[in-house]
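Let's take a friendly walk through this structure, one piece at a time. Have the sequence and the 3D view at hand as you read.

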Amino acid sequence: MRWVGFAILVYVVMLLQTTVGKLLTFAFESVGVIGPDLSAIVAVFLALRVRELNDVVIAAWVLGLGVDLGSAGGAGEMTVVGPMSLAYVLAVAAVFRMREAFFRDRIMTQAILALVFCLLAHGTWVTAQSLLGRADTSWSDYGATLRQAAALACYTGVLMPLGYRLLLKCERWFVAVQAGRARRGRMMR
Amino acid sequence: MKVLAGWSKQRTAALLIVAALIMSLMGRGFASRLRNAVQPFLSPFGGAGMYLTAALRRNAGAQGLSSQEARQLREEVQRLISIANYWQRESESSRRHLDNVLKLRASYDPVIGVDYEIIPATVVAEDSLPYGQTRAVNAGKKDGVRTGSAVVLTDRSKALPPELPVVATAELVGRLVDAGAFAARVQLVTDRDFKVSARIRRLVDPNRPREITVTTDGSAARELLTEQNSVPLDVQAVGDGADGMIVSHVPAIDNVLPGDLLVTAGDGTLPVEIRIGRVAEVSPDPQHPHHVTVRVRPDAELSSLREVYIVLPRKLPPQITGGGRGR
């Protein structure tokens, strides 16, 4: 990983997700507000493209922290910082393990893995935040937020192929060694 | 040095996971401090981003209407046409109607003798996740803001001289749930965890008469709603997590109708009546047959919110609004 480039990417994604990215949100009476998780798109991209699991885990932790710092609402009056880092690490590790079973350049693969990532990460986050703020959260709130998380996961899955292509264009700024590339290089020698 | 030389990414990852666990357990106070420390770094570019977002949303809203908004507009137009016809036929009644409107307007005029401080702020970021409805603003404790303060929009902002106590026309947009040195966080009225004591003010409209149940000396009777018997209904309004507010358990006999106003109850941290929104829909409560659920659409355009005003009462004013009916 090229960590300076990655830090800039995280900053830009945080800015986009808290400002202009909100143009992609929709409000439904039945589900609530639905918007994409742009950080999840970056995390899934890294899980598919970066060679080392440790690099992916550290990057996911940073992205999760960014999401937690940029969001205060959800369960109770204020949410705590930390659960999204853990949830991202858990979800990215799962996607990293799964990637061998898929062709990473297929649109369907990217969409499904983003869906799985978001279901895992946001399901864990909503559960953790509801448990930590259980004094302010009822079962119906928990159920409604989980439903919202499922809709967010579907929406992010739909946008993932587009995000993947955009990130591919600037990949060299934050990914030093791609998955599979170094090994292939050694075999050639 | 040996420790550093043997340090691996695996250890770093493990350390970060432990740090995340500790941060999670340190609670909301720590989270608040951390967010307030980070917010100033995001604010400069966040302000530009929110300007762009608000401008695009406003323009998008101006160009196209949803089917529901179009239906509401058609209904409104029909209502206005019937009001115009009514005025032509019944000039005397229309003069009474005008008197009612003027009286209603007078009830929202500036309240004299209430000491307020109004702190302007700009929205610089929204929530990164859609579960909550909060906004980060660029005013903090250094500007004198306090957690729990009401946040309003006002059309009198530019005319406000320093130290002018109260704004005349305003809409409640939320309240402060967190305040750091340089930034604060506003919980919008549509947030699922937003609760406010409010009042429903039923509009007396001669073109749309309605019956209510009035109890006098223990006996109930059905009467037409008039200026005299129209008491505000004390209710509890909560955000619906999307784009409106919900008022539950409103007795059906009070005959609340779409178009009625939801205003603050005039207690707590905002001891004046300020408009929150308008009743958009009244539906029967399936669990309580004699009650209805009221859906309110906020007056403020929350999706393109930019300039807001934090209202700090310097001291609690005397009771200034009419008596509501306890519930």
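In helix H3(A), 13 of the 17 residues are buried, so this helix is largely enclosed by the rest of the structure. Here a residue is buried if 20 or more other C-beta atoms, placed from the backbone, lie within 10 Å of its own, exposed if 12 or fewer, and partly exposed in between. Helices (H or I, at least four residues) and strands (E, at least two) are DSSP runs, numbered from the N terminus.

This is a predicted model, in which local features need pLDDT of at least 70 and side-chain atom pairs count only at pLDDT 80 or more, while totals for chains, interfaces and linings use all residues. Residues are numbered from 1 along each chain as its sequence is written, and chains are lettered from A and ligands numbered from 1 in the order in which they are written.

**Helices of chain A**

The table sets out two helices, with the expected span taken as 1.5 Å times one less than the number of residues.

| Helix | Residues | Length | First to last C-alpha | Expected span |
|---|---|---|---|---|
| H3(A) | 53-69 | 17 residues | 24 Å | 24 Å |
| H1(A) | 3-18 | 16 residues | 22 Å | 22 Å |

The buried residues of H1(A) include Phe6(A), Leu9(A), Val13(A) and Met14(A).

Helix H2(A), residues 38-49, holds Leu46(A). Leu46(A) is buried, with 27 other C-beta atoms within 10 Å. Beyond its neighbours within four places in sequence, Leu46(A) is in contact (C-beta atoms, placed from the backbone, within 7 Å) with Val56(A) and Ala59(A). Between the C-alpha atoms of Leu46(A) and Val95(A), 49 residues apart along the chain, the separation is 10.0 Å.

**Where the chains meet**

The contact takes 47 residues from chain A and 46 residues from chain B. On the chain B side, helices H2 (9-25) and H3 (27-63) and strands E1 (116-126), E4 (170-179) and E5 (184-188) each supply at least two residues. H3(B) gives the most, with 16 residues. This side of chain B divides into 20 nonpolar, 14 polar and twelve charged residues. Ala, Val, Leu, Ile, Met, Phe, Trp, Tyr, Cys and Pro count as nonpolar, Asp, Glu, Lys and Arg as charged, and the others, Gly among them, as polar.

**A hairpin in chain B**

Strands E7(B), residues 211-216, and E8(B) run antiparallel and are joined by six bridges; two strands pair if DSSP finds at least two bridges between them. Glu211(B) has Leu224(B) of E8(B) as its bridge partner. The hairpin has two residues between the strands, and Asp217(B) takes a positive phi near 55°. Of the six residues of E8(B), residues 219-224, the number buried is zero, so this strand lies largely in the open.

Definitions and conventions
Two residues are in contact if their C-beta atoms, placed from the backbone, lie within 7 Å.
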